[in-house]
Amino acid sequence: MTKNDFYCSNYVGNQLIIAITHLGGLWYMANIPRLMQPPTIMKQSLKDYIVDPRDNIIIECEAKGNPVPTFSWRRNGKFFNVGKDPRVTMRKRSGTLEISFRSGGRPEDYEGEYQCFASNDFGTALTNKILLRVSKSPLWPKEVLEPVVVGEGSSLVLACNPPPGLPPPHTFWMNSAMMSITQDRRVSMGLNGDLYFSNVLAKDSHTDYSCNARFLFTHTIQQKNPFTLKPCVCVCVFCMPYNDTSSVNSADPYGGRKVAETPPNFLSPTGTDSSRMMVLRGQKLQLECIAAGVPTPSIKWFKKGGDLNQKVKLDNFNKTLRIDSVSEEDAGEYMCMANNQIGSIRHSIFVQVKAAPYWLDKPFNLVLAPDESSRLVCRANGNPKPLIKWLVNGEPIERNSSLPNPRRSVVGDTIIFHSVQIGSSAVYQCNASNHHGYLLANAFVSILDMAPRMLGAKNQLIKVIENNRTFLDCPFFGSPLPELRWFKNGQGSGLDGGQYRVYINGSLEIKRARVEDQGTYTCVARNILGKEENQVRLEVKEPTRIVRAPEHQSAFRGTMARFDCRVKSDLTLPITVTWLKDDKPLSLGWRLKKDEDSLSIPNVHEQDEGTYTCTVKSEIDQDTASARLTVLGIDTHTEITFFFVPLCVSAPDAIPSGLKGWGTKNTNMEISWEPLLDTEQNGPNLHYSVWWRRKDTGEEWNNVTTVGAKHIVHDTETYVPYEIKLQARNDFGPGPESNIIIGYSGEDKPTAPPTDLHVSKIDSTKVNVHWTPVDPNTVLGEFKEYRLYYWREGSMVKGLHVNKEKKTKGFYSTVAQPTGILTDLQPYSHYRMFMVVANSRYDGPPSNHVDFHTKEGVPDLPQFFKIVQWSPESIHLEWDKPLEPNGILIGYTLNYQAVNGSRVGHMQMESFLPNVTAYRLRLPDQASRYRFYLAAHTQVGAGKVYAGESPHFTNDAYIKDQVDIATQGWFIGLMCAIALIILILLIVCFIKRSRGGKYPVRDKKDLPLEGMDQKGEDGSFDYHSDEDNKPLQGSQNSLDGGVKESDDSLVDYGEGGDGQFNEDGSFIGQYTVKKDKDETEGNESSEATSPVNAIYSLA
């Protein structure tokens, strides 16, 4: 291995992409599975992000890392509290935001600049600043367009002026028949959408010149009110007739009328004879020159100091110069010249090329061992020169100057690390910017010490073609960087030199593989912390070759053509042969015939002419060969000559193809084949002889003759093998017999179940499954798999409802003691399963049912985690238990730390019992924000972390939080409960009142009321009173002279609520005994008006 080597390795499988560079003993790595690693941004939205207002807004932010990163957002430079906006949700295990407008809202309210932060214990990575804007397609302003009257031969510009959309619309001109306006050297559309006439003709008179604007996002087209063009025919007495010798059509477009010839003058650009344009590197440059004049001027382009290079394209009849991707060398002075037979003019355009920042050296991730040294380099160019700024974990690195880091120094565009130590991992950001744009790159520095690990699949088998260059891969990882050596068959010294070469990524190159190179190769990685090895088995195969290739040939119509394609290949490699015609897959249909070594084309016709390619493929190589077929026919322009061809008849010489036997029922076997073509029959009365017999029984052949293309053998045993052969015959004799093929009668349901189904090594998410296989004879068909049916019967967490959907997993095994692993189970759950054996058509009977319980696991995320700052002194935290606890919750841990700019406070921890889902934190430092990390716990450990950050406290925020309490679930539930109780009480009062009896109101309504303590001799009350005309005691005069109801009112005499009167003023209800005054003294209301008393009265 040499210094300054670099490699990238893409390993397919469960491993991730690895990239390592060796720089003076240091290495860099992009990602290693299951390795503690700072966050890396994997996906983000565009910097300039325009969205359709009719759709939900999706702002992407995907990151990876270990531990799994948590995500937060800033909007317009301030913390964006996603949880407080009901329209905004963040995807699980992702930072991607989805803003929904199903319940209302305006997408325009969410325009702004967004930036995503992905954090874990080892640092914070950032996305670009994403400028979110909503697409706009405004309507065309209403206007009244007067007819345009212009003299014949004059120039004209019809203005488009489309409404300013976002993004800008695409413009085009059409007439009322929705046909495009014809454009040529004389009439064309400019870059601004205007329609230019170099000179007007009488034929231009139309009333429907309409400019159209197509808006890309909304897929709508808006049309401007049409122009009416009326050319005015003005005769010039002293003018020569118009003669446009440059026109393709030499006819006089003015019909012999004398029109003044005019020299060219520019319609675009306007003004002086020179202009300036600035364009950014990489963008499209378009320069335009449109000239007026009679005759129509022609346009030519030049560049001062040299010729136009190959990047330059001329569009719009040479009126537009285009360079799709501009670079610095495209700057300079461009000149366009317009000329006709009267004169010529020039215009110079000075093009200046500026540049937004672009990378020269983009910083890469660093993974360092303790005490190693390295550097991060960030070099960018631009015009003007970009400014380089460094950040660490999203904060400017200069803010950490108050805490000097002796092991890190910043020198311009480079950060130098000296003797790094464990615990100093971080994510660094390089920002290169000028006033044309900016670049942002994340690069993490991870400090690890780790013994060697092999990252590739174990014991791989590699098949290669003899004499080919071969690579054996051995991706590895370790810190410090391990030394890697290769050995063959476990013997000898390391392989390096000669025909072997070892690369730093672990790959071994064999420059020319030979048969003697077959064997087992071992790669060994070693550093001071240990060693690890892996093996690769190499097999060298013979190449696949076409030994008899198709040849070019000619064939008359109606005859047969045949192309050979004989193949030689390694006997251990299966091959496939396919044919192409004119580089497209050849459809064989009913006429063409392909066999093992050739392609036959009977009854050739003109459509068969073309190039035929035979392609033979194995799993590791392929070969092709082509030939052309020319079809010869009768020339209709020559004399027709009739001739006779002698007809040869004989027995068939072809064997029907596609012979097979397969049962459609469990008691039959259907034998079928492809019938011979007419050209293959060779004689009349074609029929087929079919033979079949049980395989390996020694019985005689059964046979039948048929004219069809199939025969059904009935009354067979279930799924037994048969030998089958076929022969075509006609009146002149039999043709050749086919080879014997093996067919099978029909399948039936398997009769025996797997037995002794049981499990072992039960984990939280997987379990080993064991069973005793069935006797192969009981499968009654082609064995497909052992099919396991399993479902989640329930959760061991009380009250948790689960989905009992039945799932399947197949195990293909023919060993005596089969076993399999069932994965993706839910922890702490009750599962049930059974197994069947399956053939191609049926499942067999079920095995014994097995119940098992998965072990406890770590919980999922809490359902939500809300952080509300109600006052400057405290923060209210609220959460809910996980949807899948995956065990018995034993509590929650809340870690939090103060964040003030780049300073991060000491991490503090609070623990809570499992029934606690809210906490109020008094803030020791009111000037700081706080970051919170909440996780649920089982006995196994902590679950996934839900992270959040406290908002900046303002009075407005305080008021908003007070208002937001009305949207909290607990508050809504409380209010509903109170409303329900009041409703019940009102119903009870109504029922209680209605239970009173009825009485003849008209007989008693005029009786005066008397004191309740006056009773008759029979115990009834006497309602006469000597004080009928006196006001009731305690009553007060009302403002209108009436009397207010006293506390001792008629309500006291009823069982119900307030006393009711009908329209004539009579009291409705059963008069009852009024309670003694002593019992109600001091009580402001009677029993009937008290909801509580009403309930007691029912009892």
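Buried means under 20% relative accessible area, exposed means over 50%, and partly exposed lies in between (1.4 Å probe, protein chains only). By that definition Glu670, at 22% relative accessibility, counts as partly exposed. This is a predicted model, in which local features need pLDDT of at least 70 and side-chain atom pairs count only at pLDDT 80 or more, while totals for chains, interfaces and linings use all residues. Residues are numbered from 1 along each chain as its sequence is written, and side-chain values use heavy atoms, with hydrogens and water left out.

**Salt bridges in the whole structure**

- Side chains of opposite charge can pair when their charged atoms come close.
- A search of the whole structure finds 41 salt bridges, a salt bridge being a side-chain nitrogen of Lys or Arg within 4 Å of a carboxyl oxygen of Asp or Glu.

**Glu670 and Lys710**

- Glu670 and Lys710 form a salt bridge whose closest N and O atoms are 3.9 Å apart.
- Because Glu670 lies in strand E61 (residues 668-672) and Lys710 in strand E64 (residues 710-714), the pair ties together parts that are 40 residues apart in sequence; strands (E, at least two residues) and helices (H or I, at least four) are DSSP runs, numbered from the N terminus.
- Lys710 also counts as partly exposed, with a relative accessibility of 47%.
- Elsewhere, salt bridges that share partners join Asp315, Arg322 and Asp324 into one network.

**Lys463 and Glu619**

- A salt bridge (3.5 Å, N to O) links the side chains of Lys463 and Glu619.
- Lys463 belongs to strand E42 (residues 460-465) and Glu619 to the loop between strand E58 (610-617) and strand E59 (622-632), so this pair ties together parts 156 residues apart in sequence.
- Lys463 is partly exposed, at a relative accessible area of 26%, whereas Glu619 counts as exposed at 52%.

**Arg469 and Glu509**

- The side chains of Arg469 and Glu509 meet in a salt bridge of 2.7 Å, N to O.
- Arg469 sits in the loop between E42 and strand E43 (470-472) and Glu509 in strand E47 (residues 508-510), so the pair ties together parts that are 40 residues apart in sequence.
- Arg469 counts as exposed at 53% relative accessibility, whereas Glu509 counts as buried at 5%.

**Annotated transmembrane regions**

- An unreviewed UniProt entry lists residues 12-30 and 970-991 under "transmembrane region"; the positions are given in the numbering used here, feature names are shortened, and annotations may be inferred rather than shown by experiment.
- Over residues 970-991 the model is 100% helix and 0% strand, with the end C-alpha atoms 32 Å apart.
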